[in-house]
Structure formats: structure tokens, C-alpha cells
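Take a look at the chain below. This report walks through its parts one by one.

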Amino acid sequence: MSKSFLILNALLLCVFSGQSFSLPLFDSENFLYDVGENGALMRGKLNAYLGLYYLRVNGVNYIGDIDHLSPDGREVRSAPFIEQGSGLEVKRHFYVSKTQNFARFSEILHNPTDIPITVDVEIYGKLGAKSHTTALVDQEHFLITGDVSGIIPVFLLHYHSQVNHPVTATHTLNNNQLSWVYSEITIPAQSEARLIYFVAQTTDVNVAKQVATNIYINPTALYENIDESAQLLNFEPQQPISREDEEVSDLSHAPFLKLGELRRGTLEEKDFWSFKRMATPADAYALNLKADETVTIRMSARFNAYLYLFQDMKAETVVAANDDREFKTTHAEIVFTAIEDGTYYIEATAHNRRERGEYTLEIISGAVNEPPTAYPFDFTGKNLISPATVTLTDFNTDKEGDIVERCWHFDDGSDVTCDINNNTVTHTYTEAGQYNVGLTLRDNDGAYSYHNEQISIASPPEGIVLRLSNIVSKELMPSDGYSQIRFYAFADRYRISSITAGQELVIDMISDDFDSYLYLTDRFNQPLAQDNNSGGSTHARLRYTPLHDDDLWIEATSVKDNTQGKYHLSMKLAENEVPVEIPIAFSPALNNPLQYQFIARLPNSFKATSLHWDFGDKTETVKTNKSILSHTYTQRGEMTVTVTAINDKNQRFTGSQRVIVNNKITAPKASFTAKPLFGEKPLRVFFTNDSVPNSQDDALNYVWHFGDGNLSSDTNPAHSFTKAGTYYITLEVFSRQERASYTVPVTVIDHDDTALPITGKVRELPQVLMAGFDPILIDLLDTHVKIFALVRAGKTPVKTVRFIKNGSDFEYLMQQVATLANGEQYYETVFNFEQGTFPIGTLGTLFGEKKGQFRIQAIDQAGQFHAFPNLEIGNNPPLNFVPQSLNIGSLHQKGIHRRQPQVLAAGFDPILVHKNDDAPVLVNASDAEFMIKAIVREGLFPIQSVTLKQNKGTLNFPMHLQETLPNGDELYVVNYPYPSESFKKGTLGHLFGIEPTQFTVTVEDFAQETHRFPEVVIGDFPQR
């Protein structure tokens, strides 16, 4: 297998994986936690982790997309997952503390059955995102892992069970993998319980130990945002500690409040302690309410306030508790509707037991208003250089009232600036950096909202200029000042100007007095590279290839802090070698001459580090390290596109292409989403229009074709489908002179329709008989490909079909769009991508059992499953009755035809092969053969042959046409009678592929045009 093929394959696998969907959450120390699909952590600040805390229940991986993010941005909730066989419902919640530097996972286990359920729960994942993350502290209940290889070290605390608790976990470490298991967890009938555990990011191992100590002490903060009635399995919240002189046993001393009253108070050490928060002072108040009366209770303080509302004087029944309702503030707010007439009791306290101070308590009749919506703000200046003064302008309004306060947070250590009347503020940044500027809005009813954006401030062009081929001799001494990256390290700072993107720089620092260290930063003081020993010596050598022409800065310092001594610093270009001829091919990838996309194809050995594109229209030269680029011409004429490619050896080659541009107008981009895509009739579907014009001044008009004869010209319509079937909804987008369209299928089912009997060999489990791509010959201009599969239901109807990537949480849900005459169910999903995403090449290893390859998995309503391309040989006897398949229309839409024929899909029937070594009766005997199937689509010429071949072996079976499908595609088959005892029980998940021992299905037409499955080919395949 060639290197170029592997790279192309990796690229397509990456693209098929789509963008990693994740939600960022920040703790009190501003550490980032990226929560992705299935509730796993994706990356984090400083790239600390990648793939932590996956969940398995009884050996089955938890699968649940994110379905809720709290408005305060601190809690992510994932969708429920049903554990196979038992019916146990599993949900994941991930919560980041506002006041503590830890995050908390909750595994919520709900047993809806009438019998107890016992399960094993495993949490597992990688120690860190990089290979050199190791365990530094390994205790029974927690461990600390660290990666000190980077400029800023990263440490992670993993705390999984409470000390001395009867329910605890055992953890194991295997290289870079961490796993802890709770064995035989029992969930009583009709009840819910949860496991909780904690993770904390720090840049200091001692801080991580402090967090572990804090969790061991078990403060109340560990349980913030958890329902008081929740049953915790592995932690026991501490009960409030009463003082020896505490004489209060109830809330009878509480003064009464009135609606509309604003009461001021102070939390002091002498106050009575909270009934719910350990060793925390609290003030109590009483409030008379009538049944169904709604009231808002708001507590504001400089400390982090907390409110409890009790139904009884004994403070035993909590009816509401909240620290800030839904918004990220230090205030507390409860909106409560009285259950019955009576007196309710308020406890005003602090989130942390160490907090004291003044507060105000306000009682408002009714519920509070909706907060203002915070949109992006505007700021002046580009290429800002410190010290830089920026002007920030907020254009937000409140739809229900007025915004009465705007508070700006500048992220540079300065005070928050609040202005009541003015929506514009100026601020001066004195140092370079990238700052997250935040804006907090408050409306006239006290509701808050928040928005933040990043502002980049560059370093001024100062410092000694380090020039090529010159040697600078200097000395580290206290008068030099300290490094901007490390505390207490003397450093000299140099500026590198006249940068040429793509030219590799070699910087050497030599000293006989100390161990040298080099840091390279950009103009925002962001570290780019470092080196301290140049391969083992006390000298330092740093090699770096810039992608842009911007100035860079070098810090020359030492390994040890406060080190003095002399050194020599020099810089040169990497040695040039004899240029070699590098062929660079260009292809215009769009028919519209005003939108050309050029694709540079370089030999794999070239390893281009920089590409300079000049489009010949006097626009700015584009510098990038990507070989795929799009450019839109805004004027007509003859243009010459030139590209210069540079590799890490400073070899370069220039290619060019002449382009003639006419005066056609570019087309707009049509796109939309539809929810839901599948459901029972009548199905109400809501459409969200994501179309964009070709220019800001070009207005768009829309026509929606719903596939049932109805039309709409609304921007974001909704439509009800009253009959069963698959409807291809098309949105046509019109600008002044051009149009574009986009299509998405919606499937409507009717359970009262006549079901079809399933023919063929049926097993108890569902079978994914075959799968493939439509088209499998992908043109450079294509924007989508369908992934489809034929599924045969087993004893229980099919519930879910998924297109998944092995070893990751990537998945696409597939929907049933048709039922064939034999009862087989046709599922598909559409993968959308930008034009020109894929380079020209061939991929033959997409489906398989290896990590990074893809499978299609069918799960029935009983939780039983099968995944293509697994040919499973085992105890799979035929059913003794004929099941029915839900009849969803039939497949009539014709697919995309190419000049060449296409083998769209291939598979086995049955793919669950029965092997019974002790067959007492004939019906229980083993299968004697199975059928290999392939779906083939003609090109311009009739098909001459379809053949099943072993790539380097002797097996060669002609396949014959069995039937023509309703959409015109042809089904070819061949029976394979296998010799007795030739198969052992087990799973074969790698039969189709391009390896010598694997099999392909090849089609050839009468024009000698060919294609073989499972090869996905990207090239010049215009639609015919």
C-alpha cells in the first residue's frame, strides 16, 4: 500500500468524521473543559486531554448526544441510553463549578422496571492528549497525571470515589489508558441513583493535591446543582455541623417578609448555621403564600449567595434551592409557585462556608422577565500593537424593556467597567496578548446575559533585531529583566523581522557558563516553539518554519532560574539543497468561471510546508500550508494563477495556470436543516434556512418543494405530512440572476400500513446485509454523498441504524427511506461537504473492524445488534415464523449516474451464518452456503460482467443479475457453498478491501470502463 494512499485515506476518514462537536465550559480558575459527544472530554485548555471518561455499562458503550446546555453555561446533559437487555436508562451530566476548580461527572442510573438491576459501570479513557502523560500520584481513590513536556505543564486530578465509602471503584493503568470500575452496582426497582466523580485541571501538581484534599474534606460545594433528593451511590454528603452553643432547632425565630419588600442583611460568624450547608452561617425569613401564587426570591451579594426554600418550620422539606437560577452570577434567585396555602421559610446563606458579608434579599410577585440577548459587540482597530486603546460598542437592546447596565470585563487584570447610559467604552491594553473581552448586560428588571469575544494585541516592534548569518554575543544579568514566559529566569529578547513564510529558520544559542534555553513567540506573545538542549548538550537549537511573514520574537534564557553568564546567539536559514522538479497540477473545480477552486497535487515525498498563491487579479497573495484553496474572481479577463511550494528543506517549485474569467454572476449557497427527519404521520416538520447570498447586497427569494405537491415561499417554514412515504424536500434559492438548490429526505411512517413478510434467511438478531456509498465515484464538484445500507429485521423490529467510526464517538443516525419487495429495509444518511474537500485519490479501507474504519450498526427494540461488515459465524438458527417488515414506500428516486459503472454496495446474505456442531434435527443444522450480493449502477454503456475476486488469490466468481431494483439499480448475486467445517465460529470483519487476502467486487461494461467495491474514488466524474 502506497504512502500517498494512506494519506488520502486518512484525510477522507477525517472528513467523514465531521467536525468534532463539543461545548466549552470553564471552572473558577478559567480552565477549559470541552464536552463532546457521549459526554466525553475532547481537548481542554492547553490540550490537556483527548478522549477522557467514556462510559460502559455491562460492557456496552454509552451513546448519547448532548441534548441540554444550561443557560449559565456550566452544566451539559446528554440524552438517555437504554442498557441492552435490562432496560436500565443511563444519562450523563457534566457540571463545572463556578467557585471551585473542579468539574463533576454524574452517571444517572434509572431503573423503570419492577425488579432490581445489577450492573458493572466502567469509566475509561486516555490519561492525556499526548503520549508522555504519566501518573505522578496513584492513590486508592484518586490519581494525578501530568505532562511536563510543554512550555506550560499540565496536571489532571482524577477523583473517583469517597474514602471509607462502602461503594468504591477499582482503577487500573495500562500505558496511557485509565479505567475504573464500579462492580455489581444494584439499582432498586422503580428508582434512580447516581455515581459522581471529579476531574480538575491545574498547572501545578501541588495545586492538584490541594484540590484532592478539598474533595476529601467533602465540602458542600461538591454537591452544588444536585437535587437534594438524589441518591448518591459512591459519595455521602456531609450533614450540617451544629455548634456547641447552637440552640436553634427550627425556623420559628424567622421574621416575616412581604411581597415587594427589599431586606438588607449581613452574614456574620455569630449567625445561626444553615440547616443544609455544613458549618455555614445563614439568616432565616418567613413568607406567607397562597396556593398557586408565584413569587421570585432574589439574593444579591458580593459573595456567592445561595437560597433554600423550606415548606416546614423544621427545615426538613426543601421545595426549592438555587444559587443563581440559570445565569452565571454570584446572585441567587428562586422562582417558586406555592403548592398550598401556608408559611414558607427562606434560608439566605453562602455557597461556600468561608464566605461572609452584606447582602440584599428581594421578594417579587410573579416570575421575572426574560434576560436580554447578548449579541457580538463591535470594536475598533486592526493589527493592534501594545499599548493599544480600543473602543468597544454594544448594540444590544432588550425586547421587554431597557438595558440599564453594561459591564465590560477586559481580561487583563483591570477592574470591571460598568456604564448605565453609554453603550461605548474605551480601554487601553498595555501588554501584548490575546484577551477574552466579556460583556455583561442587565435589563431594567434585573435579568442578566453575557457575551465574550477575543481581541489580539501584538507586541511593538522593539528589541534587538536578530539578523541572518550574524552572531550576537551577550550576557545574562539581573539588569536584563525576567522572561515573559517563566518567572525568575533572566532573559534577553530579540526580534526577527523580514520573515519569509516557508523558509525554515535555525537558531543556535551557545554558552559555556550555563545550560541554554530558547523560546520563540509570535507578536501576541503566544509560544510557538522551544528548545533547551539541542539533542543532549547544554546548547540550544531551535528550528521553525513560519507560515506567515509576521515578526517573531526570541527569548534567550537559561534552564535554571536566576542564572547569569555569557552566550552567543545566531540565526541562519536551513541549508538549501539542489532544487528538484516538483509537478504541481491545477484543476478548475467549478463550472462557474467566477468561482474557481484550484487543487495542487504534490508528491508525498515533497512534504510542502508552505504554499504561496497569486491569483493574478492583484488581490493579496495567500500563504498557507494547505494544498486546497478556493478563490472568487470579481472581475473578468485573463488571469494567470501562480503557486510557489516550499518544503522543509527549503526546496521550492513554481507552477502556473491560465484562467479566463467571464462576467457571470456567482450563485448563492442553498442549505437548510429539517427537524424531525423521521416520525409517524401526521408529522410536523420545522425547517431552518441556512442559505447565504453570493454577496451582502444580493437579496434572496425562496421556494420550498415539500415533495407532496405543496409549496412555500417562507424563509423558515413548517409543514405537516399526512401520508406515509419518503419526501425529498427541495429548497430553491434565487438571487437576481442565479439560483441554487438543496435537498433533504424526510420519512413519514404509518404503523397501520400493511406490513410486508420478510423473505430470505431470517435470524433472531437484525442483519445489516450490505452497505455502500451513492455515488461511490465522487466528483470534485460534489457536495454530498449518501451512505446507505440494507437491513433485515429479526425477531424484534429495528429501532436504530447508525453509521459509526471505530474507536471514537463519531456517529450518523440513518433513517429508513424505503422497504423493498422482499421486506428488506433501505436506510440512508447524507454526508454533506464543501466542494473540493477531497483530493483526487482512491480509498479502499473505509469499512472494517480496525480503529478509524467505519461500521453500520443496526439495533432492535430488544437491544440486540449487528454491524456491517461483520460476517458472523455462530449459533444463529433460523426463526420458526415469518416476521413482518414495516412498509415504507419503495425506492424510486434514481441516483447519480457517471460515465463509468459503479458497484455501490456489497455484502452477505445471511451475514449471521448459523453453525451448529450438534444438530439434533434438520432445522437446527448449520447453513450450507451464503450469498454474496452487490448493487451495481450502469454508466453510459450496458454492464458486461460483475465478478467477486480475491485480490491476490485464486477465488474468482462471476455474479449474475438477480433483479432490478425500483430505482433502476441492479442486484447481482453469487452463492458460495462452503465446504463442511471450513468455517470456525467467530467474526470476520475485514473481508472486503484492497489488501491481498481481501475481496473486491468488480464491474466492467462493454466500453471496458470498470470500478471495484469497496473503493471510493475521487476524481473527474461529472453527472450523466
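A polar contact is a pair of N or O atoms within 3.5 Å. Within protein, one atom must be able to donate a hydrogen and the other to accept it. Keep that in mind for R802. The model is predicted.

R802 is found in strand 60, which covers residues 798-805. Is R802 buried or exposed? R802 has a relative accessible area of 6%. Buried means under 20%, so R802 counts as buried. Its side chain makes a polar contact with the side chain of E811, at 2.6 Å. The side chain of R802 also makes a polar contact with the side chain of Q857, at 2.2 Å. Leaving out residues up to four places away in sequence, R802 touches I63, E811, Y812, L813, M814, R855, I856, Q857 and I859.

## The chain as a whole

The chain has 1024 residues, and 51% of them are buried. Its secondary structure comes to 2 helices and 77 strands.

Some contacts join residues at least 6 apart in sequence. Among these, 70% join residues at least 24 apart.

## Helix 2

Helix 2 spans residues 205-217, which makes 13 residues. From first C-alpha to last, helix 2 reaches 19 Å. That is close to the 18 Å expected at 1.5 Å a residue. At its start, a side-chain oxygen of D204 reaches to within 2.7 Å of the backbone nitrogen of N206. After helix 2 comes N218, whose phi is positive, near 65 degrees.

Which residues of helix 2 are buried? They are A208, V211, A212 and I215. These residues cover an arc of only 100 degrees around the axis, so they lie on the same side of helix 2. On the other side, Q210 and Y216 are exposed. The cover over the buried residues includes strand 12 (142-147), strand 13 (154-159) and strand 16 (191-202).

Strand 19 covers residues 282-289. Of its 8 residues, 7 are buried.

Strand 24 (residues 342-350) runs antiparallel to strand 19. This pair is joined by 8 bridges. A282 stands opposite T349 in strand 24. Strands of a sheet pair through backbone hydrogen bonds, either parallel or antiparallel.

Strand 35 (residues 492-496) and strand 40 (residues 552-558) pair in the antiparallel sense over 5 bridges. R493 stands opposite E555 in strand 40.

Another open sheet of 5 strands has the order 49-55-54-51-52, also with mixed pairing. Which are its edge strands? They are strand 49 (678-680) and strand 52 (711-712), and each pairs on one side only. Strand 51 (residues 701-705) pairs with strand 52 in the antiparallel sense, over 2 bridges. The bridge partner of W704 in strand 52 is S712.

## Nonpolar cores

In soluble globular proteins, nonpolar side chains tend to be buried together. In this model, the largest nonpolar core has 76 residues. Those with the most contacts inside this core are I856, M959, F992 and V1001. A second, separate core has 42 residues, including L41, A48, L55 and V199.

What does F992 contact, leaving aside its neighbours within four places in sequence? Its contacts are F847, A906, G907, F908, I932, L948, Q998, F999, V1001, F1013 and P1014.

## A proline in a loop

P966 has its place in the loop between strand 72 (956-964) and strand 73 (970-977). It is partly exposed, with a relative accessible area of 40%.

P966 and L891 are 75 residues apart along the chain. Their C-alpha atoms are separated by 5.5 Å. Setting aside neighbours within four places in sequence, P966 is in contact with L820, S890, L891 and H892.

Terms used:
Residues numbered from 1 in each chain as written. Predicted model: local features only at pLDDT ≥ 70, side-chain atom pairs only at ≥ 80, totals over all residues. Heavy atoms only, no water. Pairing = 2+ DSSP bridges. Helix = DSSP H or I, 4+ residues; strand = E, 2+ residues; numbered from the N terminus. Expected span 1.5 Å × (residues − 1). Buried < 20%, exposed > 50% of the residue type's maximum accessible area, 1.4 Å probe, protein only. Arc of directions from axis to C-beta. Contact = heavy atoms within 4.5 Å. Core = buried A, V, L, I, M, F, W, Y, C linked by side-chain atoms within 4.5 Å.
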